[in-house]
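Please view the sequence and the structure below, then read the notes by topic.

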Amino acid sequence: MARQLAKNAQIMISDTDSGEPKSLEALASWTYDKSKTEVDVTGIYDANKQYIPGQGDARGDFTIIVDPESETLEILETAQKADTLVYIYYRPDGTGASKPQEKIPAYITGLSYSASVDGRVEAAVTFVAGGDVDSTAQASV
């Protein structure tokens with residue numbers, strides 16, 4: 001099995017379903033949670049608890065360094081204020097034809113800013129899925 005380097009992974013965003021995604025400018029950190037719920041299917045005569053996997057989740061967060069001229073920051077602020085969907089792209093192997101990607105229609109549920117007196121200003125963003133995740137490979141460029 002080939003190694004998969006995390007350095008190639010990308011989180012991108014678009015404000016439309018068919019728009020070309022843009023890299024999140026000055027991305028400092030990110031998480032993407034794809035965990036599944038556990039459904040208890042234990043029968044009355046079973047010796048121990050038994051489970052099956054339930055529905056998957058699609059939520060996460062990321063932190064970006066604030067640039068007042070950032071297009072992606074404007075997309076995030078607009079979506080958060082108006083409760084509209086944005087499309088977050090998770091590309092574990094980077095960008096390229098036939099490489100895997102997950103396109104998440106998402107609501108921006110959290111947007112907060114922080115800074116230290118002598119440090120950079122950062123925006124912490126949280127998102128949750130607002131529809132089905134599309135796990136189709138990337139199209140040819």
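**The nonpolar core**

The largest nonpolar core has 20 residues, and F62, L76, I88 and F127 make the most contacts inside it. Such a core is a set of buried Ala, Val, Leu, Ile, Met, Phe, Trp, Tyr and Cys residues joined through side-chain atoms within 4.5 Å. Buried means under 20% relative accessible area, exposed over 50% and partly exposed in between (1.4 Å probe, protein chains only).

This is a predicted model, in which local features need pLDDT of at least 70 and side-chain atom pairs count only at pLDDT 80 or more, while totals for chains, interfaces and linings use all residues. Residues are numbered from 1 along each chain as its sequence is written, and side-chain values use heavy atoms, with hydrogens and water left out.

- Helices (H or I, at least four residues) and strands (E, at least two) are DSSP runs, numbered from the N terminus.
- Leaving aside residues up to four places away in sequence, I88 touches I11, M12, F62, E102, K103, I104, A106 and F127; a contact means heavy atoms within 4.5 Å.
- In soluble globular proteins, nonpolar side chains tend to be buried together.

**Overall fold and dimensions**

- The protein has one helix and nine strands, and from the N terminus on its elements run β-β-β-β-β-β-α-β-β-β.
- The radius of gyration is 18 Å, well over the 14 Å that the globule rule gives for 141 residues, so the protein is more spread out than a compact globule.
- That radius is taken over C-alpha atoms, and the globule rule is 2.2 Å times the number of residues to the power 0.38.
- Along the principal axes, the C-alpha atoms fill a box of roughly 65 × 40 × 30 Å.
- Of the 141 residues, 30% count as buried.
- Among contacts between residues at least 6 apart in sequence, 59% join residues at least 24 apart.

- L73 is found in helix 1 and counts as buried at 7% relative accessibility.
- Not counting residues up to four places away in sequence, L73 touches I64, V66, D67, Y113 and A123.
- The C-alpha atoms of L73 and L24 are separated by 8.3 Å, although these residues are 49 residues apart along the chain.
- V125 lies in strand 9 and counts as buried at 0% relative accessibility.
- Beyond residues up to four places away in sequence, V125 touches G60, D61, F62, L76, I108, G110 and L111.
- V125 and S135 are 10 residues apart along the chain, and their C-alpha atoms are separated by 23 Å.

**Two loop residues with positive phi**

- Most residues other than glycine have a negative phi, and most peptide bonds are trans.
- D83, in the loop between helix 1 and strand 7, has a positive phi near 55° and counts as exposed at 57% relative accessibility.
- S98, in the loop between strand 7 and strand 8, is not a glycine but has a positive phi of about 70°; S98 is exposed, with a relative accessible area of 62%.
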